[in-house]
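Dear colleague,

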Amino acid sequence: MIDFSYTVWILLIPLVMFVVVGLFGNRFKPIVSGIAGTAGLFVIWILSLITAYKYFFVLEKAADGSFQKFLAFNMRWLNLTDTLHIDMGVLLDPISIMMLIVITTVSFMVHVYSIGYMDGEKGFMRFFATLSLFSFSMLGLVVATNIFQMYIFWELVGVSSYLLIGFYYTKDSAVAASKKAFIVTRFADLGFLIGILMLSFSTGTFDFITLTGANSPAFSSGTGIMFLGLSTMTWSMIFIFMGGAGKSAMFPLHIWLPDAMEGPTPVSALIHAATMVVAGVYLVARLFPIYIFAAPVALDVVMYVGAFSSIFAAVIACTQFDIKRVLAYSTMSQIGMMMFALGVSGYGGHEGLGYMASMFHLFTHAFFKSLLFLGAGAIIHAVHSNVMNEMGGLRKYLPITHATFLIACIAIAGIPPLAGFFSKDEILAAGHEKSVMLYWVEMIVSGLTAFYMFRLYFSIFWGKETHYHHTPHEGSKFMTIPLMLLSIGALLAGFIPFSMFVSSDRLPFHTALEMGIAIPAVLVGLTGIVIAMLFYKKETTVPDKIFNALGGFSKAAYHKFYIDEVYLFITKKIIFNYVSRPIAWFDRHVVDGSMNGMAYVTNEVSDRIKSFQSGQLQQYALVFVSGVVLITLLFTYLLTN
Amino acid sequence: MSILTLFIIIPTLTVIGILFSKSHIQVKWVAVVGMSLQLLSAIALIFLYLAERRAGNLDEVLFVQNNVWYETLNIRFYLGVDGVSVAMIGLTALVVFAGIFASWDIVDLPREFFTSLILLATGVFGFFISLDLFTMFLFYELAVIPMYLLIGIWGSGPRHYSAMKLTLMLMGGSAFILLGIIGIYFNSAPSGGQLTFDLLQISKQTIPINVQLFLFPFLFVGFGVLGAMFPFHTWSPDGHASAPTAVSMLHAGVLMKLGGYGCYRVAVFLLPQAAHQLGWIFLILATIGVIYGALGAIWQKDLKYINAYSSVSHCALVLFAILMFNQTAMNGAIMQMISHGIMTALFFALIGMIYGRTHTRFINEMGGLMKVMPFLAVAYVIAGLASLGLPGFSGFVAEMTIFVGAFQNADTFHRVATIIAASSIVVTAVYVLRVVGVLLLGKIKNEHFETLPDAKWYDKISVVTLIFGITFIGMAPLWLSDMITGGLGPIIHKLLAAAPILN
Amino acid sequence: MFEGVPLTWFLITGTIMFFVGIYGFLVRKNLITILMSTELILNSVNINFVAFNKILYPGHLEGMFFSIFIIAVAAAEASVAIAIIINIYRRLVNIDVEKMNEMKY
Amino acid sequence: MLIMRHELLLIAITVILLIVEIFLPDTQKRKIILPAIILMAAVTILGFFPGTPGILFGGMYQSTQLTMMLKNILNIGVLIIFIQSVDWLKQEQNKEKVSEFFLLMLSTLIGMNFMISSGDFLMFYIGLELATIPVAALAAYERMKEKSAEAGVKLIFTSALSSGILLYGLSMIYGTTGTMYFADVAPLITGAPLQVLAFIFFFAGMAFKISLVPFHLWTADVYEGAPVNVASYLSVISKGAAVFIFTIILYTVFYKIAVMWSELLYGITILTITVGNLFAMRQQNLKRFLAFSSIAQAGFILLGMIGASQLGMTTVIYFALVYIFSNLGAFGVVGIISNRTGKENIDDYDGLYRTNPNLSLVMMLSLFSLAGIPPLAGFFGKFFLFTAAAKQGYYILVLIALINTIISLYYYLLVIKAMLLNNSDQPIARFTSDGYTRIGLLMCVAGMVIIGFASSIYEVVYNLSYGLY
């Protein structure tokens, strides 16, 4: 057995970086923080690659030929009950290692890119410190050995996301967006927490290996009907999925994601495209055995939510003009597809194709989506705007960006042989096996994806010639090199025989392209591209006409179907004005009033009885004598009874 | 003489030293030296305690000092600590230490200020180490009274009203406690023998159930008032709002913990049957308090009010956890006390420092302070994050322990209460982020604020000490949790014996 | 001399005197008259003591002694009272009890 | 002779002072102050030497360890009052009548001593009157002040009425039992209607002395009108002595109808504490304020009496001891400020701490002690009183009393608020008090601080006390 305990350093190095840069960063020049953070990331990137190599190619497989799932490191962190305790450790299995690769790669690229992008920004040091914190949290999340550790890091990525979205803290919109992101995900996390409580109470453990093992207590306990005809385990899984849905921006908890684009673009690339937002997918995948064996209803929920979110977001993406928002809705749509894939999946071998497809798409998506964001960053950096109407014809000024952006667009549109094609194809194949209707929904999403991506592409790089104040130019080497490296990933990632490494039961299996699915998908994608080209390559009025023709629907889509307004109504109007304010009033006037009332009554009584003390000697004597008489009468009464 | 007597002797000597100090500076330094010694003794106590336990000492309480005081009434000067009290002492020492630095700016009557502050601390220390109900009560009242002067003289706003209200409400609570204590005393030997105030000895008796049912509400409400139990919490917002910085810190950080600790150590421990029978009433109140305080905080505009309502919510969580009657939840309750103690002290320290610079506490009038005073702002963000239960800070550990513990009660009533209480974490996030957003981020609203200075060295000592406290516990909670669990044994045992059906 | 006069007669006399005294104390406005009323009360007590002693417990003289002491104390009391009244008169030129209400509430 | 030690010593110094006084010219009367204090101190100290218990005059006078201790307590109180009075006595208007003050006070003290030692209602009555009549003269001491005269009138007349009623009660007791000796009366108390009536009359008379509601109305006016030191004498010494003897009589003479008087005390306690507090909270004049506060305190003392046990009696005596120190502390401060500035209102005390910190501190401690705040002795006293009442199962009564402590705390805090919290444009100017006042106040503070911690005092009291059963 190879010793993997060094993997704990993958967690510790970013943490140390965070502390060191955070506390002492301002003693040095800003660039030092950037270099230090990047160097740390480089080290753990290498470590992750080594780990992956050793795990997949060197480590012996288990007796049944599957990849092992084991604790590389573990320590007791907190004792709760006799059976429940929170541990901190590193769990290695195919998906956690896959995630390690994704996170460290993208994170490293983003670090390098940021040195260029953030150059001269105020708070450079703060940026890198928080980025390290995020890397630490995200890595901790994926290697979590138990669900509580995952929850802990889950919260931590939430806060790093909060800090990074609100990086430009003097901008009110950024502050509002960060707040929104945190609170919405926090609300979802409440569901996660309740789910954990229910799950752990039924099973008596937090441990992933026990929970998802063959003899998991989750399969046998908590099966009784609890509420609305569903079992405890189903409810707990639905609650846990609520947490995942919040972080992964599934409908209706997605509202924070578009706003989160207020953060610096590298952050959007890292957190809101490649890593944190897929945590929900990862969570479901992590607990997949429980979903499939103990809570199939919850898995159906995952499927429907995923499918709906993907089409919902794709429609909105077609109507947006802010390039980062388009990408954000695209992200939401793609994650919806991953969720959908998990939802349709079965367990074991080819049955578990959806599971594999989901992970595969997660993997490829990370490359081309972060590439898209970084490209968008380069564009914004060049033209100082993120509204696509103010752009056009940029291919002349930004050749490298143009090329890489195009690669990413083709990849996400699902055109072979780029990465997106392979993973999307598997998803559609898995979907087709489960539900034909949803398969066609995803097919439409696929087409829409191609359309809005190329709408974006053509509007930016072709279209009308816009006059710029300053001639746009490429960023520094720090920015262009990561773009090129990532585009290699976007080009080639699809060729990895993913099912040989990642599968629902950790047993490798073979997959082949199903032409019956691949060909229609490619055709749909191409259709989308062609339409986009017709509409946007030259400046035309066709899109506007169509937009107007669709009337209310397109308007609603443009306004993101008014979900934000609903939330705003609930929070601002109902909670703030109709709950909190009355409570504050109630507290002041009723609760406190009753306390003050007691004092008032005492005072009043005191005032009323003052006339007894009239100063008249004879009245004193009268009271005296009446006292005696009263007591006598009282005792007469008492004695006669 | 046990090490515990130090915790009374040191503050007493400090007070004497302060009274004989010549200048204002000297007063402060005497206070600093005294309270540093106190902090060191507290740390030493923690280590000694852990060492003793590791050496296999299984006594219920350690470092016992037991002297007869009033022989005929069997009143004793009886000191001793278990894991819970050691933890509380650590908390107190830390907060007091930070409090001294936070009040470095006091110019008006500093001698009196520090005297009162340390007297208050003495009361708190004495309360936590006493094992005799009489001495416990004595220290309890000793801790409450200096509050009046501290708020009344050095406070702000409607300080006279607030001070009076706070004192009267707390003394009202203590009147209830007194009745409860006397009632327990006269039933402390149900099978004959000498009556006693000795907590441990009483805990080994079973007080007749009808007596328990009579006394329990008095004791629980009495301590609950100090623990800001709904609906007896209204002294807290007013009191905090008017109090000077260090007093708010000590008050919310430590004094309010006396309430929770008393509920746990006296009401529940000595009257377990009644606790089982009547606990549900107070559980409802506590649950209401958790969510009510949090929702109430959203609308407030004054920083101190926000934090006061937040304290109501957090302290209600302590009572909530105590009333869950199992080891995990109680452990969480104690941790929540410690966590909230440090955290809220940090909050009040920062609010005080910000107020000292901007001269307003209304969040609408401020904004963008991050730019002007980054140290204080970052510390405030940290405090806020700790308050909303972020992992890595003590609040998370405590809250999660409470929720997991509370969830072990499998009936619907407790479940619903738990879920309602748990939902407060969202509401907490709302108000914390609202404050952070309006106060620290965004643009600077008042140009006068552009030139305000950041934290001074003494501010930094105070803030860093407290931040260290919350992060240390938040990162490595195991020792604390285990230490507390060790102290919980007898009470859990007693509760289980009281209700065999439980669990 | 008292043979044949039953105890109740004395007691009734005493009681009447007592209440007359109290009545006088309550309604008279002149301090001197009020002082006289208190003397009435004390004398009613004397009657009681003497009557009880003579008729019920003739063996001892406790009641007699008591009344003698009461008379003596009453004299002392009266002297102090009158001294104060004179002082009042000097200050107010008036000894109306209702005028003495400077301190109240 | 040793049996009557206390009384004889007091009589001796009274006579000595009287003789000295005769030979002093009118302008030199002040010279008597120091000898008086020294003699009183000597008497106080001599009183503490162990004495022989015994009875005299065929049982009319009885001296026990308990009564000796009670007399010692009173001696201490009077000594403190003497010391505190010096500053006032040295004022110009009192120059001719300094010696009267001491002589009258000593006479009342002698009366009280006899009262406490009485074994017979006759002795009790004589002691009582001796303890009352000179006080009326003292209340009217300031001849030039209308208020003082009014106080004298109110005191002497209500006291005459109350002793009339008390005597009427005694006459009925005599009628039903045929004797006035405590020891002989006790077994003959059967609870017959006439005896109950007699007890009520007797009770009313005593309640007047202790100023229990509704027999308390004279208190505030007299305290306000009388010189401060006389008021403090009335509030602690007179009241203390009456409480002592009343407890003794209740426990030794009327124990057979204990059920009855417990019920009576129950109601009176609630009334006294509540009414006392409700009036006290609205006072402006500090003497009046302290008068009502002392009424409420008397109500608390009843809690111990109602305890009707050894514990009960101990707590009564112990509390009275504590109360003497606390109240004298408060009165001492009021007195010196009144002497120096003539200001007696709470408002006048605004900002006092800034100008006269030490006086304010003493005042604060005294008020805290009265309110029952630890670690001052008042806390212990009150705690024990509650314990005594709770021992008999009067939990509801204790609860009501406890709620009343909140009100009392409120008004005590009002004074503290004035002194420490309020700021004033024209605070009482800074002044240095004389040595006597300082010693007097220091004794009070020492008492307040030490008595609580020194549990041996409590134990001594406990061992000498006795209960009903």
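**Notes on the chains and their contacts**

Of the five pairs of chains that touch, the pair formed by chains A and B has the most contacts. Please keep in mind while reading that this is a predicted model, for which the predictor gives the complex an ipTM of 0.89 and a pTM of 0.90.

To begin with that pair, 37 residues of chain A are in contact with 40 residues of chain B. On the side of chain A that touches chain B, at least two residues each come from β1 (70-79), α5 (147-165), α6 (172-203) and α24 (563-608) of chain A, and it is α6(A) that gives the most, with 13 residues. If you sort the residues on this side of chain A by class, you will find 23 nonpolar, six polar and eight charged.

A second contact that I looked at joins chain D to chain C, and it takes 31 residues from chain D and 33 residues from chain C. On the side of chain D that touches chain C, the elements giving two or more residues are α5 (121-139), α6 (146-177) and α9 (217-225) of chain D, among which α6(D) gives the most, with 16 residues. This side of chain D divides into 17 nonpolar, seven polar and seven charged residues. As for the confidence in chain D, its average pLDDT is 91, and 100% of its residues score at least 70.

Finally, I followed one residue inside chain A, namely Val301(A), which has its place in helix α14 (residues 296-317) of that chain. Is Val301(A) buried or exposed? Val301(A) counts as buried because it has 20 C-beta neighbours inside 10 Å, and 20 or more is what the cut-off for a buried residue asks for. When its neighbours within four places in sequence are left aside, Val301(A) is in contact with Ile238(A) and Phe241(A).

With kind regards

Conventions
Residues are numbered from 1 along each chain as its sequence is written. Chains are lettered from A and ligands numbered from 1 in the order in which they are written. This is a predicted model: local features need pLDDT of at least 70, side-chain atom pairs count only at pLDDT 80 or more; totals for chains, interfaces and linings use all residues. Two residues are in contact if their C-beta atoms, placed from the backbone, lie within 7 Å. Helices (H or I, at least four residues) and strands (E, at least two) are DSSP runs, numbered from the N terminus. Ala, Val, Leu, Ile, Met, Phe, Trp, Tyr, Cys and Pro count as nonpolar, Asp, Glu, Lys and Arg as charged, and the others, Gly among them, as polar. A residue is buried if 20 or more other C-beta atoms lie within 10 Å of its own, exposed if 12 or fewer, and partly exposed in between; C-beta atoms are placed from the backbone. pLDDT is the predictor's confidence in each residue, from 0 to 100.
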